[in-house]
Amino acid sequence: MTIKRVLKEQIPLVKPSEEDVAELTNLSKNFIDELNSILIKSGIEAEAFVGGSFAKGTLVKKEKYDVDVFVRFDWKYDDISNLLEKPAKKVSKKFNLELERLHGSRDYFRAKLKNKPSYFELVPVTKIKKIHEERNVTDLSYFHVSYVRKKAKDLKDEILLAKRFFHAQKIYGAESYIQGFSGYALECLIIHFGSFEKMLKELIKVKIGERLVIDIEKAYGKKEKVFIEMNDARLHSPVILVDPTYKERNALAALNEETFEKFQRVAKQFLKKPSKNYFIEKEIDEEKLEKLAKRKKAELLKINIRTNKQKGDIAGTKLKKFSKVVSKEIDRYFKVLGSEFDYDDKQSAINYLIVKSRKEVIRIGPPLLLKKHVRAFKKEHMNTYEKNKSIHAKIKINFGAKEFIDSWSKQRANKNMMKEMGITKLKI
(Lines give C-alpha, C1' and ligand atoms only; values in the text may rest on other atoms or scores of the structure.)
Protein backbone atom coordinates (compact mmCIF):
# COMPACT_ATOMS: atom_id res chain seq x y z
CA MET A 1 0.00 0.00 0.00
CA THR A 2 1.37 3.45 -0.91
CA ILE A 3 1.96 6.09 1.75
CA LYS A 4 -0.52 8.46 0.09
CA ARG A 5 -3.27 5.87 0.27
CA VAL A 6 -2.52 5.04 3.91
CA LEU A 7 -2.60 8.71 4.90
CA LYS A 8 -5.76 9.38 2.88
CA GLU A 9 -7.53 6.51 4.66
CA GLN A 10 -6.38 7.77 8.07
CA ILE A 11 -7.67 11.34 7.74
CA PRO A 12 -11.36 10.53 8.47
CA LEU A 13 -10.22 8.39 11.42
CA VAL A 14 -8.22 11.14 13.12
CA LYS A 15 -10.86 13.87 12.79
CA PRO A 16 -13.42 14.33 15.56
CA SER A 17 -16.97 13.85 14.31
CA GLU A 18 -19.15 16.89 13.65
CA GLU A 19 -21.35 15.73 16.53
CA ASP A 20 -18.38 15.62 18.94
CA VAL A 21 -17.18 19.06 17.85
CA ALA A 22 -20.68 20.53 18.18
CA GLU A 23 -21.11 19.02 21.65
CA LEU A 24 -17.70 20.21 22.85
CA THR A 25 -18.34 23.68 21.41
CA ASN A 26 -21.66 23.93 23.23
CA LEU A 27 -20.25 22.60 26.51
CA SER A 28 -17.23 24.90 26.31
CA LYS A 29 -19.33 27.99 25.54
CA ASN A 30 -21.66 27.37 28.47
CA PHE A 31 -18.74 26.60 30.77
CA ILE A 32 -16.75 29.70 29.71
CA ASP A 33 -19.80 31.99 29.95
CA GLU A 34 -20.58 30.79 33.46
CA LEU A 35 -16.96 30.99 34.61
CA ASN A 36 -16.59 34.54 33.27
CA SER A 37 -19.83 35.51 35.00
CA ILE A 38 -18.50 34.13 38.30
CA LEU A 39 -15.21 36.02 37.84
CA ILE A 40 -17.03 39.31 37.20
CA LYS A 41 -19.29 38.86 40.25
CA SER A 42 -16.29 38.08 42.45
CA GLY A 43 -14.54 41.27 41.37
CA ILE A 44 -11.55 39.42 39.96
CA GLU A 45 -10.04 41.00 36.85
CA ALA A 46 -9.64 37.90 34.73
CA GLU A 47 -11.12 36.37 31.60
CA ALA A 48 -11.48 32.75 30.56
CA PHE A 49 -11.02 31.53 26.99
CA VAL A 50 -10.68 28.19 25.25
CA GLY A 51 -7.13 27.35 24.24
CA GLY A 52 -5.08 24.31 23.29
CA SER A 53 -5.82 21.96 20.40
CA PHE A 54 -9.56 22.56 20.49
CA ALA A 55 -9.14 26.29 19.93
CA LYS A 56 -6.58 25.70 17.17
CA GLY A 57 -8.74 23.14 15.36
CA THR A 58 -6.08 20.46 15.80
CA LEU A 59 -7.91 18.21 18.25
CA VAL A 60 -7.48 14.51 17.39
CA LYS A 61 -10.43 12.12 17.52
CA LYS A 62 -10.36 9.99 20.67
CA GLU A 63 -12.57 8.47 23.33
CA LYS A 64 -11.64 11.03 25.98
CA TYR A 65 -11.43 14.72 25.08
CA ASP A 66 -9.75 17.39 27.15
CA VAL A 67 -10.45 21.08 26.60
CA ASP A 68 -7.93 23.62 27.87
CA VAL A 69 -9.54 26.65 29.47
CA PHE A 70 -7.05 29.42 30.13
CA VAL A 71 -7.98 32.04 32.69
CA ARG A 72 -6.00 35.24 32.02
CA PHE A 73 -5.47 37.28 35.16
CA ASP A 74 -4.52 40.93 35.25
CA TRP A 75 -0.79 41.55 35.76
CA LYS A 76 -1.36 42.91 39.28
CA TYR A 77 -2.23 39.46 40.65
CA ASP A 78 0.49 37.11 41.91
CA ASP A 79 -0.98 33.97 43.50
CA ILE A 80 -3.34 33.23 40.62
CA SER A 81 -3.67 29.48 41.26
CA ASN A 82 -5.21 30.12 44.68
CA LEU A 83 -7.23 32.99 43.24
CA LEU A 84 -8.77 30.65 40.66
CA GLU A 85 -9.68 27.89 43.12
CA LYS A 86 -12.93 29.39 44.46
CA PRO A 87 -14.36 30.32 41.00
CA ALA A 88 -13.30 26.85 39.75
CA LYS A 89 -15.25 25.20 42.57
CA LYS A 90 -18.33 27.33 41.86
CA VAL A 91 -18.40 26.63 38.11
CA SER A 92 -17.79 22.91 38.72
CA LYS A 93 -20.68 22.76 41.17
CA LYS A 94 -22.91 24.54 38.66
CA PHE A 95 -22.23 21.90 35.99
CA ASN A 96 -21.95 18.96 38.41
CA LEU A 97 -18.27 18.37 37.65
CA GLU A 98 -15.64 16.62 39.76
CA LEU A 99 -12.84 19.10 40.49
CA GLU A 100 -9.27 18.31 41.48
CA ARG A 101 -6.24 20.53 41.94
CA LEU A 102 -3.07 19.40 40.20
CA HIS A 103 0.48 20.51 40.90
CA GLY A 104 2.79 21.77 38.20
CA SER A 105 5.07 24.72 37.51
CA ARG A 106 1.89 26.57 38.41
CA ASP A 107 -1.04 24.69 39.98
CA TYR A 108 -4.06 24.12 37.73
CA PHE A 109 -7.45 22.39 37.97
CA ARG A 110 -9.18 19.49 36.23
CA ALA A 111 -12.99 19.45 36.06
CA LYS A 112 -14.34 16.07 34.94
CA LEU A 113 -17.71 15.40 33.38
CA LYS A 114 -19.29 12.73 35.58
CA ASN A 115 -21.19 10.93 32.81
CA LYS A 116 -18.44 11.22 30.17
CA PRO A 117 -14.68 10.57 30.11
CA SER A 118 -13.97 14.13 28.91
CA TYR A 119 -12.80 17.01 31.10
CA PHE A 120 -11.84 20.69 31.24
CA GLU A 121 -8.41 21.78 32.40
CA LEU A 122 -8.48 25.23 34.00
CA VAL A 123 -5.06 26.83 33.63
CA PRO A 124 -4.34 30.17 35.34
CA VAL A 125 -2.13 32.48 33.27
CA THR A 126 -0.99 36.08 33.53
CA LYS A 127 -2.29 38.48 30.90
CA ILE A 128 0.76 39.78 29.08
CA LYS A 129 1.02 42.13 26.13
CA LYS A 130 4.57 41.22 25.15
CA ILE A 131 6.20 37.78 25.03
CA HIS A 132 9.09 38.71 27.34
CA GLU A 133 6.71 39.66 30.15
CA GLU A 134 5.83 36.00 30.86
CA ARG A 135 6.09 34.76 34.44
CA ASN A 136 5.46 31.13 33.51
CA VAL A 137 5.65 29.20 30.23
CA THR A 138 1.84 28.76 30.29
CA ASP A 139 1.51 32.54 29.87
CA LEU A 140 2.68 32.05 26.27
CA SER A 141 -0.23 29.74 25.37
CA TYR A 142 -2.39 32.63 24.15
CA PHE A 143 0.24 33.50 21.53
CA HIS A 144 0.63 29.85 20.49
CA VAL A 145 -3.09 29.59 19.73
CA SER A 146 -3.02 32.77 17.60
CA TYR A 147 0.07 31.64 15.68
CA VAL A 148 -1.15 28.14 14.83
CA ARG A 149 -4.64 29.32 13.84
CA LYS A 150 -3.06 31.83 11.47
CA LYS A 151 -0.35 29.63 9.98
CA ALA A 152 -1.98 26.18 9.86
CA LYS A 153 -5.31 26.90 8.17
CA ASP A 154 -4.69 24.40 5.35
CA LEU A 155 -2.51 22.00 7.33
CA LYS A 156 -4.88 20.72 10.00
CA ASP A 157 -5.23 17.24 8.48
CA GLU A 158 -1.44 16.90 8.36
CA ILE A 159 -1.19 17.95 12.01
CA LEU A 160 -3.85 15.43 13.04
CA LEU A 161 -1.96 12.65 11.25
CA ALA A 162 1.26 13.64 13.02
CA LYS A 163 -0.35 13.75 16.45
CA ARG A 164 -2.04 10.36 16.02
CA PHE A 165 1.17 8.76 14.69
CA PHE A 166 3.35 10.10 17.52
CA HIS A 167 0.77 9.24 20.17
CA ALA A 168 0.45 5.67 18.86
CA GLN A 169 4.22 5.29 19.05
CA LYS A 170 4.27 6.64 22.64
CA ILE A 171 6.58 9.54 21.81
CA TYR A 172 3.95 12.27 22.09
CA GLY A 173 4.31 14.66 25.00
CA ALA A 174 6.93 16.85 26.66
CA GLU A 175 6.42 15.23 30.06
CA SER A 176 9.60 14.15 31.81
CA TYR A 177 8.72 10.45 31.63
CA ILE A 178 8.24 10.70 27.84
CA GLN A 179 10.64 13.48 26.77
CA GLY A 180 9.07 13.55 23.35
CA PHE A 181 7.24 15.88 20.97
CA SER A 182 4.59 18.22 22.40
CA GLY A 183 1.43 19.02 20.43
CA TYR A 184 2.60 22.57 19.83
CA ALA A 185 6.00 21.36 18.61
CA LEU A 186 4.34 19.04 16.08
CA GLU A 187 2.09 21.86 14.89
CA CYS A 188 5.17 24.03 14.31
CA LEU A 189 7.03 21.22 12.54
CA ILE A 190 4.13 20.66 10.14
CA ILE A 191 3.90 24.42 9.50
CA HIS A 192 7.61 24.37 8.67
CA PHE A 193 7.75 21.23 6.49
CA GLY A 194 4.28 21.54 4.95
CA SER A 195 3.22 17.92 5.38
CA PHE A 196 3.46 14.91 7.67
CA GLU A 197 5.31 12.82 5.08
CA LYS A 198 7.93 15.49 4.38
CA MET A 199 8.47 16.02 8.11
CA LEU A 200 9.28 12.31 8.54
CA LYS A 201 11.59 12.27 5.53
CA GLU A 202 13.55 15.30 6.71
CA LEU A 203 13.85 14.39 10.38
CA ILE A 204 15.19 10.87 9.71
CA LYS A 205 18.16 12.50 7.96
CA VAL A 206 19.47 13.89 11.25
CA LYS A 207 22.47 11.80 12.30
CA ILE A 208 23.09 10.65 15.87
CA GLY A 209 25.03 13.32 17.73
CA GLU A 210 24.01 16.09 15.34
CA ARG A 211 21.61 18.93 16.16
CA LEU A 212 19.17 20.23 13.58
CA VAL A 213 18.12 23.87 13.92
CA ILE A 214 14.65 24.84 12.67
CA ASP A 215 13.94 28.58 12.73
CA ILE A 216 10.55 28.95 11.00
CA GLU A 217 10.34 32.73 11.20
CA LYS A 218 14.11 33.22 10.69
CA ALA A 219 14.33 35.08 13.99
CA TYR A 220 18.09 34.57 14.17
CA GLY A 221 18.98 35.19 10.53
CA LYS A 222 21.90 32.80 10.57
CA LYS A 223 21.29 29.51 12.39
CA GLU A 224 24.76 29.64 13.96
CA LYS A 225 23.54 32.55 16.08
CA VAL A 226 21.11 30.21 17.86
CA PHE A 227 24.04 28.52 19.63
CA ILE A 228 25.41 31.90 20.71
CA GLU A 229 22.26 33.71 21.78
CA MET A 230 19.93 30.99 23.10
CA ASN A 231 20.36 29.77 26.69
CA ASP A 232 22.67 26.73 26.70
CA ALA A 233 20.19 24.73 28.83
CA ARG A 234 17.75 24.81 25.89
CA LEU A 235 20.22 23.51 23.32
CA HIS A 236 20.62 19.87 24.32
CA SER A 237 17.82 18.34 22.22
CA PRO A 238 18.67 16.70 18.87
CA VAL A 239 16.25 19.11 17.15
CA ILE A 240 16.27 22.76 18.18
CA LEU A 241 12.93 24.24 17.19
CA VAL A 242 12.99 28.00 17.69
CA ASP A 243 9.56 28.94 19.05
CA PRO A 244 8.15 31.17 16.28
CA THR A 245 6.41 33.31 18.90
CA TYR A 246 9.39 33.57 21.29
CA LYS A 247 12.89 33.26 19.81
CA GLU A 248 14.62 32.56 23.16
CA ARG A 249 12.64 29.33 23.61
CA ASN A 250 13.32 25.89 22.10
CA ALA A 251 9.90 24.27 21.59
CA LEU A 252 11.60 20.84 21.55
CA ALA A 253 13.83 21.35 24.59
CA ALA A 254 12.22 18.32 26.30
CA LEU A 255 13.13 15.92 23.46
CA ASN A 256 15.95 13.53 24.35
CA GLU A 257 18.19 11.36 22.18
CA GLU A 258 16.50 8.09 23.22
CA THR A 259 13.03 9.25 22.14
CA PHE A 260 14.35 10.81 18.94
CA GLU A 261 16.17 7.62 17.96
CA LYS A 262 12.97 5.66 18.58
CA PHE A 263 11.08 8.13 16.36
CA GLN A 264 13.65 7.81 13.57
CA ARG A 265 13.55 4.01 13.74
CA VAL A 266 9.75 3.87 13.51
CA ALA A 267 9.57 6.62 10.86
CA LYS A 268 12.01 4.75 8.63
CA GLN A 269 9.98 1.56 8.99
CA PHE A 270 6.76 3.39 8.15
CA LEU A 271 8.21 5.12 5.10
CA LYS A 272 9.65 1.84 3.83
CA LYS A 273 6.44 -0.12 4.37
CA PRO A 274 3.45 2.19 5.06
CA SER A 275 0.63 0.71 7.14
CA LYS A 276 -2.37 1.92 9.14
CA ASN A 277 -1.00 -0.05 12.11
CA TYR A 278 1.46 2.77 12.84
CA PHE A 279 -1.51 4.98 13.79
CA ILE A 280 -2.97 2.46 16.25
CA GLU A 281 -1.74 2.48 19.83
CA LYS A 282 -0.80 -1.04 20.84
CA GLU A 283 -0.78 -2.56 24.28
CA ILE A 284 2.40 -4.33 25.30
CA ASP A 285 2.23 -7.94 24.14
CA GLU A 286 3.51 -10.02 27.06
CA GLU A 287 3.28 -13.25 25.10
CA LYS A 288 5.47 -11.77 22.38
CA LEU A 289 8.02 -10.61 24.97
CA GLU A 290 8.05 -14.09 26.55
CA LYS A 291 8.72 -15.70 23.17
CA LEU A 292 11.50 -13.18 22.48
CA ALA A 293 13.10 -13.91 25.85
CA LYS A 294 12.85 -17.66 25.25
CA ARG A 295 14.41 -17.31 21.81
CA LYS A 296 17.33 -15.39 23.29
CA LYS A 297 17.60 -17.86 26.17
CA ALA A 298 16.96 -14.98 28.53
CA GLU A 299 14.68 -14.13 31.45
CA LEU A 300 11.60 -11.86 31.24
CA LEU A 301 10.96 -9.67 34.27
CA LYS A 302 7.62 -7.96 34.81
CA ILE A 303 8.26 -5.39 37.54
CA ASN A 304 5.19 -3.68 39.01
CA ILE A 305 5.99 -0.30 40.55
CA ARG A 306 3.70 2.04 42.47
CA THR A 307 4.15 5.57 43.82
CA ASN A 308 2.26 7.88 46.17
CA LYS A 309 3.05 10.93 44.03
CA GLN A 310 0.45 12.93 42.10
CA LYS A 311 -0.75 11.12 38.97
CA GLY A 312 0.38 12.54 35.67
CA ASP A 313 3.79 14.03 34.96
CA ILE A 314 4.97 13.87 38.59
CA ALA A 315 4.07 10.20 39.17
CA GLY A 316 5.15 9.16 35.68
CA THR A 317 8.52 10.84 36.08
CA LYS A 318 9.17 9.24 39.49
CA LEU A 319 8.22 5.79 38.19
CA LYS A 320 10.37 6.15 35.06
CA LYS A 321 13.33 7.39 37.10
CA PHE A 322 13.05 4.49 39.53
CA SER A 323 12.72 1.96 36.70
CA LYS A 324 16.05 3.24 35.37
CA VAL A 325 17.62 2.75 38.82
CA VAL A 326 16.40 -0.87 38.83
CA SER A 327 17.67 -1.46 35.29
CA LYS A 328 21.08 -0.04 36.21
CA GLU A 329 21.33 -2.36 39.22
CA ILE A 330 20.31 -5.39 37.15
CA ASP A 331 22.87 -4.45 34.48
CA ARG A 332 25.66 -5.14 36.97
CA TYR A 333 25.03 -8.90 36.70
CA PHE A 334 22.72 -9.28 33.69
CA LYS A 335 22.72 -7.94 30.13
CA VAL A 336 19.52 -5.97 29.46
CA LEU A 337 18.49 -7.14 25.97
CA GLY A 338 15.18 -5.28 25.81
CA SER A 339 12.88 -3.12 27.89
CA GLU A 340 9.38 -1.62 27.86
CA PHE A 341 7.97 0.96 30.28
CA ASP A 342 4.18 1.06 30.58
CA TYR A 343 2.74 3.89 32.71
CA ASP A 344 -1.02 3.80 33.41
CA ASP A 345 -1.38 7.63 33.69
CA LYS A 346 -2.22 7.23 37.38
CA GLN A 347 0.18 6.03 40.09
CA SER A 348 1.58 2.75 38.84
CA ALA A 349 3.67 1.36 36.01
CA ILE A 350 5.05 -1.91 34.72
CA ASN A 351 8.68 -2.20 33.66
CA TYR A 352 9.33 -5.18 31.37
CA LEU A 353 12.96 -6.28 31.09
CA ILE A 354 14.48 -9.06 29.03
CA VAL A 355 17.74 -9.96 30.76
CA LYS A 356 20.46 -12.55 30.34
CA SER A 357 23.02 -13.58 32.93
CA ARG A 358 26.59 -12.35 32.43
CA LYS A 359 27.71 -15.71 33.91
CA GLU A 360 30.69 -14.04 35.52
CA VAL A 361 31.66 -10.45 36.42
CA ILE A 362 34.89 -8.88 37.59
CA ARG A 363 34.84 -6.66 40.67
CA ILE A 364 37.80 -4.34 41.23
CA GLY A 365 38.84 -4.05 44.86
CA PRO A 366 41.16 -1.72 46.79
CA PRO A 367 44.82 -0.99 45.90
CA LEU A 368 47.29 -3.62 47.16
CA LEU A 369 48.93 -1.02 49.41
CA LEU A 370 45.78 -0.93 51.59
CA LYS A 371 46.48 -4.32 53.13
CA LYS A 372 43.70 -4.20 55.72
CA HIS A 373 41.07 -3.51 53.03
CA VAL A 374 42.60 -6.12 50.74
CA ARG A 375 42.25 -8.76 53.48
CA ALA A 376 38.59 -7.80 53.99
CA PHE A 377 38.00 -7.98 50.22
CA LYS A 378 39.57 -11.46 50.06
CA LYS A 379 37.42 -12.58 52.97
CA GLU A 380 34.29 -11.43 51.13
CA HIS A 381 35.27 -12.95 47.76
CA MET A 382 36.65 -16.45 47.17
CA ASN A 383 38.22 -16.16 43.70
CA THR A 384 40.62 -13.20 43.81
CA TYR A 385 43.70 -12.15 41.85
CA GLU A 386 46.03 -9.16 41.54
CA LYS A 387 46.06 -6.83 38.54
CA ASN A 388 47.23 -3.23 37.95
CA LYS A 389 48.28 -2.93 41.60
CA SER A 390 44.75 -3.67 42.85
CA ILE A 391 42.94 -6.75 44.07
CA HIS A 392 40.26 -8.17 41.76
CA ALA A 393 37.58 -10.82 42.19
CA LYS A 394 35.76 -13.10 39.78
CA ILE A 395 32.10 -13.45 40.78
CA LYS A 396 30.06 -16.31 39.38
CA ILE A 397 26.44 -15.39 38.64
CA ASN A 398 24.61 -18.38 40.09
CA PHE A 399 21.33 -16.58 40.78
CA GLY A 400 18.42 -15.36 38.66
CA ALA A 401 17.38 -11.75 38.01
CA LYS A 402 14.15 -12.13 40.00
CA GLU A 403 16.09 -13.48 42.97
CA PHE A 404 18.55 -10.59 42.68
CA ILE A 405 15.84 -7.87 42.67
CA ASP A 406 13.99 -9.53 45.56
CA SER A 407 17.19 -9.45 47.61
CA TRP A 408 18.15 -5.94 46.46
CA SER A 409 14.75 -4.44 47.36
CA LYS A 410 14.96 -5.81 50.93
CA GLN A 411 18.26 -4.13 51.73
CA ARG A 412 17.84 -1.26 54.19
CA ALA A 413 19.66 1.33 52.05
CA ASN A 414 17.50 0.51 49.04
CA LYS A 415 14.32 0.55 51.12
CA ASN A 416 15.23 4.05 52.30
CA MET A 417 16.03 5.14 48.76
CA MET A 418 12.64 3.86 47.53
CA LYS A 419 10.88 5.72 50.33
CA GLU A 420 12.68 8.96 49.44
CA MET A 421 11.64 8.54 45.80
CA GLY A 422 8.00 7.99 46.78
CA ILE A 423 7.98 4.34 45.63
CA THR A 424 5.42 2.41 47.70
CA LYS A 425 5.48 -0.94 45.88
CA LEU A 426 7.90 -3.10 43.92
CA LYS A 427 6.65 -6.53 42.89
CA ILE A 428 7.98 -8.95 40.32
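**Exercise 1. Is Lys389 buried or exposed, and what is its relative accessible area?**

Solution. The model is predicted, so treat each value as computed from it.
- Step 1: Take the relative accessible area of Lys389, which is 71%.
- Step 2: Compare it with the cut-off; exposed means over 50%.
- Step 3: Lys389 is therefore exposed.

**Exercise 2. Find where Lys389 sits and describe its backbone.**

Solution. 
- Step 1: Locate strand E12 (384-387) and strand E13 (390-396). Lys389 lies in the loop between these strands.
- Step 2: Read phi. For Lys389 it is positive, about 65°.
- Step 3: Check the residue type. Lys389 is not a glycine, yet its phi is positive.

**Exercise 3. Repeat the analysis for Lys359.**

Solution. 
- Step 1: Lys359 belongs to the loop that runs between strand E10 (348-357) and strand E11 (360-367).
- Step 2: Read phi. Lys359 has a positive value of about 70°, although it is not a glycine.
- Step 3: Assign exposure. The relative accessible area of Lys359 is 60%. Exposed means over 50%, so Lys359 is exposed.

**Exercise 4. Describe how helix H6 packs against helix H7.**

Solution. Two packed helices are described by the angle between their axes and the distance between the axes.
- Step 1: Mark the helices. H6 covers residues 156-168, and H7 covers residues 183-193.
- Step 2: The angle is about 135°, and the axes are 9 Å apart.
- Step 3: H6 and H7 make a right-handed crossing.
- Step 4: List the contact residues. H6 supplies Glu158, Ile159, Ala162, Lys163 and Phe166. H7 supplies Gly183, Leu186, Glu187 and Ile190.
- Step 5: Sort them by type. The contact of H6 with H7 has five nonpolar residues, three charged and one polar.

**Exercise 5. Summarize the whole protein in numbers.**

Solution. 
- Step 1: Count the elements. The protein has 15 helices and 14 strands.
- Step 2: The C-alpha trace spans about 80 × 50 × 50 Å along its principal axes.
- Step 3: State the burial. Of 428 residues, 46% count as buried.
- Step 4: State the surface. The accessible surface is about 24200 Å², and 48% of this belongs to carbon and sulfur atoms.
- Step 5: Look at sequence separation. Take the contacts between residues at least 6 apart in sequence; 63% of them join residues at least 24 apart.

How values were computed: Residues numbered from 1 in each chain as written. Predicted model: local features only at pLDDT ≥ 70, side-chain atom pairs only at ≥ 80, totals over all residues. Heavy atoms only, no water. Axes fitted to C-alpha atoms, helices over the stretch in contact; angles between N-to-C directions. Helix = DSSP H or I, 4+ residues; strand = E, 2+ residues; numbered from the N terminus. Left-handed = near helix turned anticlockwise from the far one by under 90°. Contact = heavy atoms within 4.5 Å. Nonpolar A, V, L, I, M, F, W, Y, C, P; charged D, E, K, R; others polar. Buried < 20%, exposed > 50% of the residue type's maximum accessible area, 1.4 Å probe, protein only. Areas by Shrake-Rupley, 256 points an atom, 1.4 Å probe, with all protein chains shown as cover.
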